[in-house]
Amino acid sequence: MSCNISAPKRSPRYIPGALIFLTFLLMAVLAPYIAPHDPWKRYEPYLGPSWIHPLGTNDMGNDILSEIIFGSRVSLSVGLGSAIISTLIGTIIGASAGYFRGWVDDMLMGITDIFLMIPQIPLVIVVAAFLKPSPIMITLIMGLLWWPSLARIVRSRVLQVREMAFVGAARVIGFSDRHIILTDVLPNTIHVIMPKFMLTVASAMIAEASLSFLGLGDPNAKSWGMIINFAFSRGGFLNGYWWWYMPPGICITLSVLSLVSMSLLLERDQVSEHVTS
Amino acid sequence: MNLARYVISLFVILSLNFAIPRAMPGDTMTNLLGEDVILDDTLVQEIRREMGLDLPLREQYLMYWKDIMHLNLGYSYHFHSPVLPLVLERMKWTLLISAPPLIVGAVLGTLLGALAGWRESMRSRLQTLIFLIIYSTPPYFLALMSLYIFGFQLGWVPMKGFYTTGSAGNIIHHIILPVVLMSLFSASRNYMIMRGSVIQERQMLYVLYARAKGLYDSQILFRHVFRNAALPIITLVALDFGFIFSGALFIEMVFSMRGMGNLIYSALLYRDYPVLQGSFLVITLMVITANVVADVIYGILDPRVRGR
Amino acid sequence: MSLLELRSLSVTFSTPSGFVKAASDVAMSLEEHETLAIVGETGCGKSVIANAIMRLLPENASITGSVIYRGMDLLKLSEREMARIRGREISIIFQNPSAAFNPVHRILDQISEPLLIHLGISKHSAIDEAEGILCALGLNGAGRLYPFQLSGGMNQRAMIACSSILRPRLLIADEPTKGLDHGMVNAALELIRSVRDESGASLILITHDLDVALSSSDRIAVMYCGEIVEMGKTEDVLGDPAHPYTEALRESMPDRGFRPIPGNTPSMVSPPAGCRFHPRCAFKMNICSRERPPLNNSCERSVRCWRCI
């Protein structure tokens, strides 16, 4: 029963998902260079698709394609940001609980259980209603709430890893706990963290889009969800301006789809690796 | 041990509910009454005294718990009604559109997911792709598009509301599209989980031994694998029931249905904090109850948990 | 006619690291009421043979050759026909009994399952019969418990009961003594021998322990790297090994002083050319690394070695 630290196999099945996600990442990074217009500049409102405005303009006369390109910045950074925060917290708590066991484990898992019981989305909604938050605030709230399930996964993996021979050897030699966790335990845990991380990015993006749709986002940070919200509340939907609300929805769905599919494939490879070992 | 966990969680979350309006920026009074309430100064002083906001926090906290014990969830100045009856009235409509999808989605998702995880075929791959797409779409976006196509363009279903005439047929006509949509969402989640779970269980030695005993393919799936693989679904479906009143939030918004979800939405629009907090309280109670129920069912289905 | 005959059976697994030739060109036969031991180091392909006979190999395995059981080729049967044979005609006992039982069902329900699916009798009488068998094994009351509540030894007895409940003609025991302590080994073997004799079955006993083979088998097949290297009467083969590997295996047993076999077990993806044992063999000749020795038949003994031509 050996568990090597191996990079995920480069299988062609990852490629579609990875390509889609990379495209959106590039879109966010290069937004000022590829957007045809300034997303805040006003042209004639309610224009249909044309060569100048490929996706038309909204009620304020903003170019919708440019809004969507810039919107990827908000949507992706909220998703990635809250996933990074919650993954960090979850990993630290889960790894400490699994590695030290005993009362540390009891205490940390007790806290985790309570957090697991909190109705997260409703709480986010309530807090957001009071704070009228900026994207950074939403990122923080979600990041601080979404670590418990990861903490549990990391803990059970670390419990396995710490029983492996090389960890015992490291302890006998006298390396510090911190050193062992960072160099021996975590590298062998990363393959259970990665799929979960991608799923967290995906659900944070959906949550951000949902909050924006509820009008709880920052109207000055036009994320994809916010664009749909505008289209819905300012008549774009009832008038059948599909070029207004369809593209941002498709962007959300595609990026979430790419993340979820990569996450599933990673998990799947883990299963088959276990069988061959 | 478990009971203590629930009690502590309940205590912590309800205390959070007490703390949020008092810790948030702005006047606590506004945070507790809602922002569209305009009152003259003398009345404000009177309410402030009545609600005990002059008292030290410790006593306010005790009062908060006393109110909860008496099921007193506060008064909505926006709806001019105590919160509890308001919530109860909306609940039954939400239940009507939320409960059937949870059951349909659980049955459909686990069955199809189990079959797809057990044997891979062209058909199961296509199925997985479709469910994956539904799973990845924000619920309100799919709802908007379906409403646009089936309501606006084709005119097959009404655009909004629970009913116009109130007859059973009329109500069904109104709720059919939301119910189908929510069933699909619930099914897609359960499908993905169950499929992954079966793929994992499939590798277990007991599956091989069941085959060695002479069980035929589908017998192995349904007599042996299904129950083990469905264990993670139990918790999720129970939690779905816990979130039953907020789960339909976006659907109710898009279809303009006056259920709990819409109540929460209008409370958000008008910053009607008492309703918001009351709803949060109801949801919390439901979710914690759902956790208890999930644990009980889990114990019945998994002897290893019960034995401990 | 033999009860079971394997004719040039080969099994290849396709894995990410290449094709693993787990068994190549295996030929052997088993008579009625006979016990054949298959021995070899871990990973030599002996369990693969067991699973190939019952067609329990995973989907990434490809099998060639034939498995003739009472005149029919099991590899040509449909999955449904094969399901009728498994558990009723041919049964297997796995080495990890605690994981072989379904964790969420009672022992009794699992033991009575073969009766239900093969005989179609009522659930009630199936349970009754299973209960009787458990009592006979001294496991009174254990049937109402779940696998995790039983010790490994108790689970093993329950599994032996389950696999033999329909009195199969062929019983395969895959490393039944692995992981058991010394006292338990004899009890387990005793039980397997008694169910074998009771149902008049033939037995294929797969083990890495030569003592186990010696005490319980009529004939023995020694496997190395997916090949049979020596086969014959157990006392003959183990008393006077003809193949250097058999000799080395015998010397590595605890009572002979634990002398390990030099070198490493070869890769199954690209096995050594010529005789597969030549890199570790003390009697290596020039031809050994060039040409693969055939399995030579002479007076009830088959040996795959250039020294024994």
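Here is the tour, beginning with a few ground rules. This is a predicted model, where local features need pLDDT of at least 70, side-chain atom pairs count only at pLDDT 80 or more, and totals for chains, interfaces and linings use all residues. Residues are numbered from 1 along each chain as its sequence is written, chains are lettered from A and ligands numbered from 1 in the order in which they are written, and side-chain values use heavy atoms, with hydrogens and water left out.

**Stop one: chains A and B.** Select both: 42 residues of chain A are in contact with 51 residues of chain B (contact means heavy atoms within 4.5 Å).

Now pick A:D113 and B:R5, whose side chains meet in a salt bridge at 3.6 Å, N to O (a side-chain nitrogen of Lys or Arg within 4 Å of a carboxyl oxygen of Asp or Glu). Next, colour α4 (102-117), α5 (120-131), α10 (190-213), α11 (224-233) and α12 (242-276) of chain A, the elements that each give two or more residues to the side touching chain B (helices are DSSP runs of H or I, at least four residues, and strands are runs of E, at least two, numbered from the N terminus). Which gives the most? That's α12(A), with 14 residues.

**Stop two: chain C.** Select the open sheet of four strands, ordered β2-β1-β4-β5 with antiparallel pairing (two strands pair if DSSP finds at least two bridges between them). β2 (18-30) and β5 (72-73) of chain C are at the edges with a single partner strand each, so one side of each has no neighbour in the sheet. Zoom in on β1 (residues 4-15) of chain C, joined to β2(C) by nine bridges. There, C:V11 stands opposite C:A23 in β2(C).
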